Amino acid sequence: MDKALQTMIDNMPEKTGKALNEWKSLLKTKSFSKHSEAVRFLKEEYNVTHGFANTIVTLSKEENIASVDLVKNQYQGKENLIPIYEKLLTVVKGFGNDVTISPKKASVSIIRKKQFALIKPATKTRIDLGLKIKDKPTTDRLENSGPFGTMCTHRVKLSEVSQIDSELKDWLKEAYLKAE
């Protein structure tokens, strides 16, 4: 995601009164045949500026249309990893209704107000879970972020659903809480 778009998403609660995921939830309850109708709705009913309204509608559509295909493509030939991916989603969705799941071409970002986790099928037998937990020391299991660079502070390698244990759930929850 480019910096300008991320800045817009980060500023959305302050500038529009709601976070992106709240706007997406609202739009899911409506039925618009055209993009412009949804934009006009946000502008007229909620006094959202054109730029924010257009971004909200565009991102809502992208999630609905492309998410399944992006994830499907990530796990092609790695179908054995899907149960791990699905279990991670179940865990993070349990933290609250302010979690946004945002699939990209090669990974899936997990966002509250900021990204706090990243799920990436790294090999045919392993998912890399990136976490953003500043000032947390690394361990044998909670490694340095490695290939994630500055997007995350840590990485956990997962090859079995059973590795999504209480320790991992605690790290995810900590990252979620810090992503305000």
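Which residue forms a salt bridge with Arg-141, and how far apart are the closest N and O atoms? The partner is Asp-165, and the closest N and O atoms are 3.0 Å apart. This is a predicted model in which local features need pLDDT of at least 70 and side-chain atom pairs count only at pLDDT 80 or more, while totals for chains, interfaces and linings use all residues. Residues are numbered from 1 along each chain as its sequence is written, and side-chain values use heavy atoms, with hydrogens and water left out.

**Words used below**

- Helices (H or I, at least four residues) and strands (E, at least two) are DSSP runs, numbered from the N terminus.
- Buried means under 20% relative accessible area, exposed means over 50%, and partly exposed is in between (1.4 Å probe, protein chains only).

**Salt bridges**

- A salt bridge here is a side-chain nitrogen of Lys or Arg within 4 Å of a carboxyl oxygen of Asp or Glu, and by this rule the count comes to ten.
- Asp-165 and Arg-141 form the salt bridge from the opening question. Asp-165 lies in the loop between strand E6 (154-158) and helix H6 (166-178), and Arg-141 in the loop between strand E4 (126-131) and strand E5 (143-144), so their pairing ties together parts that are 24 residues apart in sequence.
- Asp-165 is partly exposed, at 28% relative accessible area, and Arg-141 is partly exposed too, at 23%.
- Glu-143 has a salt bridge with Arg-155, with 3.1 Å between the closest N and O atoms. Because Glu-143 lies in strand E5 and Arg-155 in strand E6, this pair ties together parts that are twelve residues apart in sequence.
- Glu-143 is partly exposed at 21%, whereas Arg-155 counts as buried at 12%. Salt bridges that share partners join Glu-143 and Arg-155 with Arg-126, Asp-128 and Lys-157 into one network.
- Arg-112 and Asp-98 also meet through their side chains in a salt bridge, at 2.7 Å from N to O. Arg-112 lies in the loop between strand E2 (108-111) and strand E3 (115-123), and Asp-98 in the loop between helix H5 (82-93) and strand E1 (100-103), so the pair ties together parts that are 14 residues apart in sequence.
- Arg-112 is buried, with 16% relative accessibility, while Asp-98 is partly exposed at 22%.

**Helix H5**

- The expected span of a helix is 1.5 Å times one less than its number of residues. For the twelve residues of H5 this gives 16 Å, and the end C-alpha atoms are 16 Å apart, which agrees.
- Ile-84, Tyr-85, Leu-88, Leu-89, Val-91 and Val-92 are buried in H5. Seen down the axis of H5, these buried residues fall within an arc of 160° (taken from the directions from the helix axis to the C-beta atoms), so they line one face of the helix.
- Thr-90 and Lys-93 are exposed on the other side of H5.

**Aromatic rings and nearby charges**

- Rings of Phe, Tyr and Trp (its six-membered ring) pair if their centres lie within 6.5 Å; planes under 30 degrees apart count as stacked, over 60 as edge-to-face and the rest as tilted. By this rule the count comes to five aromatic pairs.
- Tyr-75 and Tyr-85 have ring centres 5.3 Å apart and planes at 45°, so they make a tilted pair. Tyr-75 is in the loop between helix H4 (50-74) and H5, and Tyr-85 is in H5, ten residues apart. Tyr-75 and Tyr-85 are buried.
- Phe-116 and Tyr-176 have ring centres 5.6 Å apart and planes at 75°, so their pair is edge-to-face.
- A charge sits over a ring if NZ of Lys or CZ of Arg is within 6 Å of the ring centre and within 35 degrees of the ring normal. The charged end of Arg-112 sits over the ring of Tyr-176, 4.1 Å from its centre.
- Trp-23, Phe-41 and Tyr-46 are linked into a cluster by ring pairs. The charged end of Lys-18 sits over the ring of Trp-23, 5.5 Å from its centre.

**Around Met-12**

- Met-12 lies in helix H1 (residues 3-16) and counts as buried, at 0% relative accessibility.
- Leaving aside neighbours within four places in sequence, Met-12 is in contact (heavy atoms within 4.5 Å) with residues including Lys-18, Trp-23, Phe-52 and Ile-56.
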